[in-house]
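Reader: I'm new to structural models. Could you show me how to read one, feature by feature?

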Amino acid sequence: MSNELRFHHPLAFWLGCVAVAAGVLLHMPMFLMAAPMHYRLAGMPMDAGMLVGMVLIPGGVLLAGYGLMPRLAQLRRNRHGHGDRPHLHVADSVPLNRAHWVLAASLAVALAIDVMKPASLAFVMPGVTAEYGIAMTTAGWLALFALTGTALGSLVWGRLADLFGRRAAILLSALLFMGTAICGTMPSFGWNLAMCFMMGAAAGGMLPIAFTLMAETVPAAHRGWLLVALGGLGTSAGYLAASGAASALEPTFSWRALWLLNLPTGALIVFINRYIPESPRFLADAGLHAQARAVLARFAGSPAAVREDASGVDSDPPILESAHPVADLRQLLRGRHARLTLALCTCGLAWGLVNFGFLLWLPANLAKLGMDAHAASALLARSALLAVPGTAAVVWLYQRWSSFRTLVLFIALTAASLATFCALAFSGTQAEIPMIAATAGLLLSSGGVIATMIPYAAEIYPVHLRGSGSGLIAASSKFGGILGAALGVLGLFAHFALSALLIALPMAAAGWLLARHGVETRGHALEAIQRTLSE
């Protein structure tokens, strides 16, 4: 297609896809052979087909990755070339059209599939412990390997998105999804750990890239609410898909079927990529002006809305600045961006500690305060129900009030909820109303933090580092989860008041930094935000 960044070898990409799919299908005879044993494969030797398949899958991923690479020599010439370059203008005030809605729907499906993978862990764990004869604490290594994969995947895929394009990175992530379907046929727990790591790497890479692509494509007037709504809808749909698949498939085909779904769902992402264009800002930054104009014309509604101008003076902000150097991650730690990066990374780390540490131990800690297990579960259910309408409030505040102040508000509410738990633990109270208020407040506020943190990161970094910056912030939340799991093993969360206080402090520090150094992004063009940050 004329409006896309041309890959180096499209045939290599499709041959790689076929190799990955064939590698997964070669594992299926062993799985089907175990049907009379309710698909129990633990301890069985791998057959020749599985061994061949395990060679085809990484080979196919590498071949497809080679095929997805753009013409690197051309990109280097364009990015480092000298002389005047045209300034492309985008109509940031145009209304949403069919192209925007198709892109939003496609990315929502991709995010739902992305969320579905790690969400399936909770439904897989009981079957894993039963089949391999291991304790739940040992099975917990699955979650740790998956979290580590998501953290590293966010960093690596974010950088790949800046080097080779947002669309190429999404396709490569989908291929990894397809390949890790063989996790459902692994006869040993060790191989499951390896596949969970790779699955996490694919999932971690998808999230920041989807937000980056959406931020660079939709009009500024609608960017904020669409980004936040995309995250909320994708997350909700992903958890719903995971629970629905577990209910429909696990009783008949065992827990392994949930991993085998990676093949068709990954293939679905590859298919819907035909409806996901390359980012026009990435194309312009790469010097591919004709392709950028073609994509902009589709989203602007008419070719007349896309213009070139040698002076760069126009009512619409230019996509290309006078200079846009190719830089590495160190630029995120310099100048005004450094303070924002520090604030967002601290926030992500604290959020990971809340979500993957404090909340996991909350029922046990409530029981220590004298609340019985049934009452604790009911309290969490009522609090979660109260937190559901908060998603609409997050979208409204981010779009209508302020982007960074909304994030600061939910950070402050999270810190306040943790401080309330600290006070309740010290007082030893079992009063239901304060407990419900603190629990609902924590669920609502922590959900608001993650719903706004990644979209905000996708808006504040320059185009040549937007994928890397978004990936770094996403990775910080996963590193917080890894730290939370480690601190849980060490027994920190058994100390209710102390753990609440220690997490509240970095969360409050992140809020203070953002309140001082945050920039408003609501309704502003991405280039105007960069001019503000460079002042």
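**Two helices side by side**

Author: Let's begin with a helix pair: the axes of helix α1 (residues 10-25) and helix α3 (residues 48-68) come within 7 Å and cross at roughly 160°. Because angles over 145 degrees count as roughly antiparallel, α1 is roughly antiparallel to α3. This is a predicted model, where local features need pLDDT of at least 70, side-chain atom pairs count only at pLDDT 80 or more, and totals for chains, interfaces and linings use all residues. Residues are numbered from 1 along each chain as its sequence is written, and side-chain values use heavy atoms, leaving out hydrogens and water.

Reader: Which residues in α1 and α3 meet?

Author: Contact means heavy atoms within 4.5 Å. Among those in α1 are Phe13, Leu15 and Val20, and those in α3 include Leu56, Ile57 and Tyr66. The residues of this contact divide into 16 nonpolar, five polar and no charged.

Reader: How many aromatic pairs are found in the whole structure?

Author: A pair of aromatic rings is described by the distance of the centres and the angle of the planes. Rings of Phe, Tyr and Trp (its six-membered ring) pair if their centres lie within 6.5 Å; planes under 30 degrees apart count as stacked, over 60 as edge-to-face and the rest as tilted. The search finds 12 aromatic pairs. The rings of Trp101 and Trp225 have centres 6.2 Å apart and planes at 55°, so this pair is tilted.

Reader: What pLDDT does the protein chain average?

Author: pLDDT is the predictor's confidence in each residue, from 0 to 100. The chain averages 80, and 83% of the residues score at least 70. Over residues 308-327 the pLDDT is below 50. Where pLDDT is low, the predicted coordinates should not be read in detail.

Technical notes. Axes are lines fitted to C-alpha atoms, for helices over the stretch in contact, and angles run from 0 to 180 degrees between N-to-C directions. Helices (H or I, at least four residues) and strands (E, at least two) are DSSP runs, numbered from the N terminus. Angles under 35 degrees count as roughly parallel, over 145 as roughly antiparallel, 65 to 115 as roughly perpendicular and the rest as oblique. Ala, Val, Leu, Ile, Met, Phe, Trp, Tyr, Cys and Pro count as nonpolar, Asp, Glu, Lys and Arg as charged, and the others, Gly among them, as polar.
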